[in-house]
Amino acid sequence: MELIRSFFEHSAISALFVCVALGFAIGRIRVGGIPIGGIPGTLFAAILVGQVGVEVDDNIKTIAFALFIYSLGYVSGPSFFASLGRSTLNLVHLAFVSGTLIFVTIWGLAQIFGLDQGTAAGLLAGGITESAAVGTASEAISSLGLPAAEAAAMQANIGVAYAITYLFGFTLVVFFVSVVAPKMMRVDLKAEAEDFAATLGGRGDDDLVPAQESAIRGVVARAFEITHKQAHDMEVQALEQKFGNFVTVQRILRRGRQLEPSKERKLAVGDKVALLGRLDELLKAGAFVGTETTDIDGLDVVGETRTVVLTNKDFIGETIMAVRARIDPNSRRGVHVVKISRSGHTLKPRPKIKLEPGDVVSLYGTPEALDAAVPIVGYAIDQGIAVDYVYLGLGIIAGILIGMITVPIAGAPVALHTGGGCLISGLLFGWLRSRRPWFGGLPPATALHLRDFGLAIFIACVGLGTGPQAWALLKQQGILLPVLSIVAVLIPIVASMYYARIVLKLNPAVTCGALAGCFTCTAGLNAVVQASGNETPVLGYTVPYAIANVILTLLGPVIVLTV
């Protein structure tokens, strides 16, 4: 023990990386088939390591939290502002109602059981699985003007309460949204999800896991020789219209000479053509024109996939089918939607799925066709890895400045501090980047890394500072905190479920996904998707998740100031 203490005294920063490494190893442990998670694991490890007494510079904690909270806002910004529209009004409504219920429940429990501000804030962060509230609540305690020892004790209570309640709250949310909620609503979740998917049209690869894709491609190119007289003397445009413009003629070869496949071009028996389109319609078109050929000399078609962020206001709130009808066929000729990603979750491009601003749409077609179609939809994501550090630095500076603004409330100065300020600046800078994509590059993978690594280091700092006081709070509260974490989840989640079903009349599969979003529990969404058998719960998850991340983070200081 002395050797370990001596090592950490000479290199306190080493303790942080020890905690992160141990924490993410602990996070792989499964409880009831559900992994604990790297962040709670890091906190457990840090509290344990903290027993030997490790002091870490507070500036490290502040820097890590600033990076985390800014990146959280940056990633959520486009989705957050996009969600504040008429097309998602019910889900926005549910997110605010759920946030209010969570606040009232935790505030009430704090009053009934006499919890101090730190313990109540830790209950919020852990029971409701909103780790960001640890930082915002801790900053709020620092501004209360309490004696240093008392403030330090309360901040330690945040970490301990978070560590104790997180596992219970996390497990309960996952189990509730995937198992309990359908039973309480008296529905067959799988059947409801299938029925809802049917109303959206199309079919998807619902049994695939994220790393898989169908080996039978939905959009293909095939070569055919025209042998049927019904296709002779038929214009290219007429052939394409016959199959709903889901098939396009990309190449025409006549007696070894390539012809321009213009829409007025007439086909002739003996021509070889390259068709590109949706597999089902392409097979029909192939059978109509003649026989498939393997002689593709001069017929090869270059295909390309581009990832495009939806920004066209005319398409927001419209179904894919309606958007397709609104775009001039010449502008979308040979371009097909193959995938939609919403807040990092994949949706099958079903015809009646409504598009939301910030949706990431994967378009497949020839390079020439994509050049024409992409600007109509939005902007193509730069697949590079460059980071605009000027934009990143200005964003964090702006957040710090916003956090320094104080507003007198009830005679006391109140500020957002670094956490609240960087969250707001991250939201604004992320949204601005989505609207003006030619500057401010921060690749999604980099933003997620900054978010997760910043949070891990911050939580390690909290745990190391909490360690010496951990046993005192455990002896004082005992079994009470796990029980309170269960109550803190059950009351608002049950009330939110009935509100979604009875008042908002949401589909049960969408309701379960929305509840996972309201409690910022991605593992809960994964469990619901698995239980429902398709991706329809994602339609309810993304909007509440974006809003709840902001609301619950800002509830940390509110709990501190009102308890």
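Before we look around, a word on naming: helices are DSSP runs of H or I with at least four residues, strands are runs of E with at least two, and both are numbered from the N terminus. Counted that way, the protein chain has 20 helices and 14 strands.

Please keep in mind that this is a predicted model, where local features need pLDDT of at least 70, side-chain atom pairs count only at pLDDT 80 or more, and totals for chains, interfaces and linings use all residues. Residues are numbered from 1 along each chain as its sequence is written, and side-chain values use heavy atoms, with hydrogens and water left out.

Let's start with the whole chain. Along the principal axes, its C-alpha atoms fill a box of roughly 90 × 50 × 50 Å. Of the 563 residues, 52% are buried, where buried means under 20% relative accessible area, exposed means over 50%, and partly exposed is in between, using a 1.4 Å probe and protein chains only. I'll also talk about contacts, meaning heavy atoms within 4.5 Å. Taking contacts between residues at least 6 apart in sequence, 81% join residues at least 24 apart.

Now to the helices. Two packed helices are described by the angle between their axes and the distance between the axes. Here the axes are lines fitted to C-alpha atoms, for helices over the stretch in contact, and angles run from 0 to 180 degrees between N-to-C directions. Angles under 35 degrees count as roughly parallel, over 145 as roughly antiparallel, 65 to 115 as roughly perpendicular, and the rest as oblique.

The crossing of α6 past α20 is right-handed; that is the word when the near helix is turned clockwise from the far one by less than a right angle, and left-handed is for anticlockwise. On the α6 side, the contact uses Q117, A120, A121 and L124, while α20 brings L552, L555, G556, I559 and V560. What classes of residue are in the contact of α6 with α20? There are 7 nonpolar, 2 polar and no charged residues. For that tally, Ala, Val, Leu, Ile, Met, Phe, Trp, Tyr, Cys and Pro are nonpolar, Asp, Glu, Lys and Arg are charged, and the others, Gly among them, are polar.

The next pair is helix α7, residues 132-142, with helix α15, residues 417-435. Their axes come within 7 Å and cross at roughly 135°, so α7 and α15 are oblique to each other. T136, E139 and A140 of α7 meet H417, T418, G419 and G420 of α15. This contact has 1 nonpolar, 5 polar and 1 charged residues.

Let's stay with α7 for a moment. Because 10 of its 11 residues are buried, α7 is largely enclosed by the rest of the structure. Among those buried residues are A133, G135, S138 and I141.

T136 sits in this helix and is buried, at 2% relative accessibility. Its neighbours, not counting residues up to four places away in sequence, are F65, G419, G420, T553, G556 and P557. A polar atom of the T136 side chain lies 2.8 Å from the backbone oxygen of T553.

Two other threonines deserve a look. T165 is in helix α8, residues 148-184, and counts as buried at 0% relative accessibility. Where does G127 lie relative to T165? The two are 38 residues apart in sequence and 5.1 Å apart in space, C-alpha to C-alpha. Beyond four places in sequence, T165 is in contact with residues including G122, G126, L481 and S485.

T248 belongs to strand β4, residues 247-254, and is buried at a relative accessible area of 2%. A polar contact of 2.8 Å joins its side chain to that of Q250; such a contact is a pair of N or O atoms within 3.5 Å, where within protein one must be able to donate a hydrogen and the other to accept it, and residues adjacent in sequence count only if both atoms are side-chain atoms. Leaving aside neighbours within four places, T248 is also in contact with E240, A274, L275, L276, R333 and G334.

I'll finish with two loops. Most residues other than glycine have a negative phi. R186, in the loop between α8 and α9, has a positive phi near 60° and counts as exposed at 79% relative accessibility. R255, in the loop between β4 and β5, has a positive phi of about 50°, and R255 is exposed at 79% relative accessibility.
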